[in-house]
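Look at the sequence and the structure before reading on.

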Amino acid sequence: MTPLPSGRNAIESVPAVSAPELIVEAVTQSTGVQVRGDLVRVETQEDGSVAETPMTFSLTGSGQAYVGNAGWDGYEVEMSRDGDSVWFTANDAYVEALGRSELAGVCLSSHDPLVAQWQWLDGPEGVLAGLLGEAQLGAPTVDESGAEVLFSVVSGGAVVGSLQVSALGDPVPTLLEIDDPSGWGTVEFTEWGEVGTPEKTGCQREDSP
C-alpha cells in the first residue's frame, strides 16, 4: 500500500457535524483564492414549463478584499470589497430590468437592499455558504494519492452533490458539484494563498454609509 503523504490534516476523521465549520474557518483565514463557477437554475413556470437559466461567476481575493462578477441572460453584476467597504455595480440591462435608473454607472452603499440579495457573492466563504445552504456533509472518502477528500453533500436526506477538500495543509475546498431539483452547477477553487489582493473596480468616489 502506498503510504499517505505527510502534512495531512485528517479532515476525513473529523465528525461530520464539525467538518463544515473547520472548512469554512480555513476559507476565512486564507489570504486569497480564485473561484470560478458555472450554475444552472431551474424554475417551473406558471404554465408548467421548465426554464433553465445558466449563470457564470468568478471571484478573486479573500473575504476582506475581492472582486466578484456574475453574468446571466445578458445581465452582469460586480461586487467588490475593501475591508468594511462593499460596492455593487450592474450593467444597463440589469438596471433596466430592476427599474432602478439610479443604478446606471453608480456604485451602491453596502446598506442597499440589493447588496443583501447578492450576499452569496461576498467573498469565498459567502460563495461556499450560499451554495451549500442548509446541506450537510457526509460519507468522506480519501483519494488514492491521499491529497484530496471527497464529501457527499446531503440535503433533505438525499445526496445532492459532492465537495472535494484538500487533505494537505488547510482543509480548503477545491471542487463543489451540486445537482438538485432547483438546479446544478460546478464551482472550482484554485490558487489558495497564491493570488494577491485584487484591484478594486467598484466606486471611484467615497461611498456614503
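## Salt bridges

Which residue forms a salt bridge with Arg 41? The partner is Glu 43, and the closest N and O atoms of the two are 4.0 Å apart. The model is predicted. Glu 43 counts as partly exposed because its relative accessibility is 37%. Arg 41 has a relative accessibility of 45%, so Arg 41 is also partly exposed.

The whole structure holds 4 salt bridges. Another one of them joins Glu 12 to Arg 8, with 3.1 Å between the closest N and O atoms. Glu 12 is partly exposed, at 22% relative accessibility.

## A link between distant parts

Arg 81 and Asp 122 also form a salt bridge, and their closest N and O atoms are 3.0 Å apart. This pair connects distant parts of the chain: Arg 81 lies in strand E4 (residues 75–82), while Asp 122 lies in the loop between helix H3 (113–117) and H4, 41 residues apart. Both Arg 81 and Asp 122 are buried.

## The largest pocket

The largest pocket has a volume of about 630 Å³. It is lined by 26 residues, and those closest to its centre are Leu 39, Val 40, Arg 41, Leu 131 and Ser 182. Elements that give two or more residues to the lining include strand E1 (33–44) and helix H4 (123–132). The largest share, 4 residues, comes from E10.

By type, the lining has 16 nonpolar, 7 polar and 3 charged residues.

## Helix H4

Among the buried residues of H4 are Gly 123, Pro 124 and Leu 132. After H4 comes Gly 133, which has a positive phi near 60 degrees.

Conventions:
Residues are numbered from 1 along each chain as its sequence is written. This is a predicted model: local features need pLDDT of at least 70, side-chain atom pairs count only at pLDDT 80 or more; totals for chains, interfaces and linings use all residues. Side-chain values use heavy atoms; hydrogens and water are left out. On a 1 Å grid over the protein atoms alone, a cavity is a set of points where a 1.4 Å probe fits but cannot get out, and a pocket is an open set with protein on both sides within 12 Å along at least five of seven lines; lining residues have an atom within 4 Å of a point. Grid points are joined across faces, edges and corners, and a volume is the space filled by probe spheres set on the points. Ala, Val, Leu, Ile, Met, Phe, Trp, Tyr, Cys and Pro count as nonpolar, Asp, Glu, Lys and Arg as charged, and the others, Gly among them, as polar. Buried means under 20% relative accessible area, exposed over 50%, partly exposed in between (1.4 Å probe, protein chains only). A salt bridge is a side-chain nitrogen of Lys or Arg within 4 Å of a carboxyl oxygen of Asp or Glu.
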